[in-house]
Amino acid sequence: MELLCEECGRQFIHTREKQEFYVSIGLTNLPKRCPECREKRRNQARKPRAPRREASPGPGGGGFSRGPRRDFGDRDRGFRTGPPEQFEAVCAACGKQTTLPFKPNGSRPVYCRDCFRQQRPMGR
């Protein structure tokens with residue numbers, strides 16, 4: 001089957017073997033470029049890219065980057081060690097004292113485990 005290259009305008013042959021190969025790997029469209037132009041595009045995609053900028057830590061912390069590794073010695077690297085911090089609060093439904101894995105800011109009601117389960121819709 002002869003096709004016309006979208007890139008250079010030359011005609012190229014799409015052989016039966018190539019067609020069978022394309023079907024075997026799940027490709028359904030005919031190629032738009034001749035083998036030479038496809039190779040050029042592949043080589044352009046392989047060119048080294050500019051290095052990524054380091055992510056700055058936002059409100060949630062984190063800020064992992066792929067930049068150069070730094071030796072912090074014995075300093076804290078921001079990873080938690082030990083059990084997570086717990087905060088005390090009073091349940092808005094039953095008034096029972098409860099512990100939470102987050103610090104409540106007062107903008108929303110806080111529930112103990114039992115009352116929270118009752119608040120959630122069934123099926124979740």
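Student: In what order do the elements of the protein run from the N terminus on?

Tutor: This is a predicted model, and the protein has three helices and four strands. Read from the N terminus on, the order of these elements is β-β-α-α-β-β-α.

Student: What share of the residues of the protein counts as buried?

Tutor: The accessible surface of the protein is about 11700 Å², and carbon and sulfur atoms hold 49% of that surface. Buried here means under 20% relative accessible area. Of the 124 residues, the share that counts as buried is 14%.

Student: Among contacts between residues at least 6 apart in sequence, what share joins residues at least 24 apart?

Tutor: Contact means heavy atoms within 4.5 Å. Among the contacts in the protein that join residues at least 6 apart in sequence, the share that spans at least 24 is 18%.

Student: How many residues apart are R33 and E7, and where do they lie?

Tutor: The side chains of R33 and E7 form a salt bridge, with N to O at 3.0 Å. R33 sits in the loop between α1 (16-24) and α2 (35-45), and E7 in the loop between β1 (2-4) and β2 (11-13), so this pair links distant parts of the chain; R33 is also buried, at 18% relative accessible area. E7 is partly exposed at 48%.

Student: Which residues are linked with R33 in a network of salt bridges?

Tutor: R33 meets E7 in a salt bridge. The network of salt bridges takes in R33 together with E6 and E7.

Student: Which parts of the chain does the salt bridge of E36 and R10 tie together?

Tutor: The side chains of E36 and R10 meet with N to O at 3.8 Å, which is within the 4 Å cut-off for a salt bridge. E36 is partly exposed at 44% relative accessible area, and R10 is partly exposed at 46%. The pair is 26 residues apart in sequence, so it ties together helix α2, where E36 lies, and the loop between β1 and β2, where R10 lies.

Student: In which element is D114, the partner of K96?

Tutor: K96 and D114 form a salt bridge, their closest N and O atoms being 3.7 Å apart. The two are 18 residues apart, with K96 in the loop between β3 (87-90) and β4 (97-100). K96 is partly exposed at 42%, and D114 is partly exposed at 44%. The element that holds D114 is helix α3 (residues 113-119).

Student: How many salt bridges does the count come to?

Tutor: The pairs of R33 with E7, E36 with R10 and K96 with D114 are among them. By the 4 Å rule, the count comes to five.

Student: Which residues make up the largest nonpolar core?

Tutor: C5 is in contact with R10, F12, K32, R33, C34 and C37, leaving aside neighbours within four places in sequence. The largest nonpolar core has five residues in all: L3, C5, F12, C34 and C37.

Student: Is H14 buried or exposed?

Tutor: H14 lies in the loop between β2 and α1. Not counting residues up to four places away in sequence, H14 touches M1, L3, Q19, Y22, L30 and P31. Its relative accessibility is 4%, so H14 counts as buried.

Student: What is the area of the nonpolar surface patch made by F21, I25 and L27?

Tutor: F21 is placed in helix α1 and is partly exposed at 45% relative accessibility. Together with I25 and L27, F21 makes a nonpolar surface patch of about 290 Å².

Student: Why is the pair of F21 and Y22 edge-to-face?

Tutor: A search of the whole structure finds one aromatic pair. The ring centres of F21 and Y22 are 6.3 Å apart and the planes stand at 65°. Y22 is buried at 13%. Planes over 60 degrees apart count as edge-to-face, so the term for this pair follows from the angle of 65°.

Student: What distance separates the C-alpha atoms of P109 and A92?

Tutor: P109 lies in the loop between β4 and α3 and counts as exposed at 52% relative accessibility. P109 and A92 are 17 residues apart along the chain, and their C-alpha atoms are separated by 5.8 Å.

Conventions. Residues numbered from 1 in each chain as written. Predicted model: local features only at pLDDT ≥ 70, side-chain atom pairs only at ≥ 80, totals over all residues. Heavy atoms only, no water. Buried < 20%, exposed > 50% of the residue type's maximum accessible area, 1.4 Å probe, protein only. Core = buried A, V, L, I, M, F, W, Y, C linked by side-chain atoms within 4.5 Å. Patch = residues over 30% accessible without salt bridge, like charges linked within 9 Å, V, L, I, M, F, W, Y side chains within 5 Å. Areas by Shrake-Rupley, 256 points an atom, 1.4 Å probe, with all protein chains shown as cover. Phe/Tyr/Trp six-rings, centres within 6.5 Å; stacked < 30°, edge-to-face > 60°.
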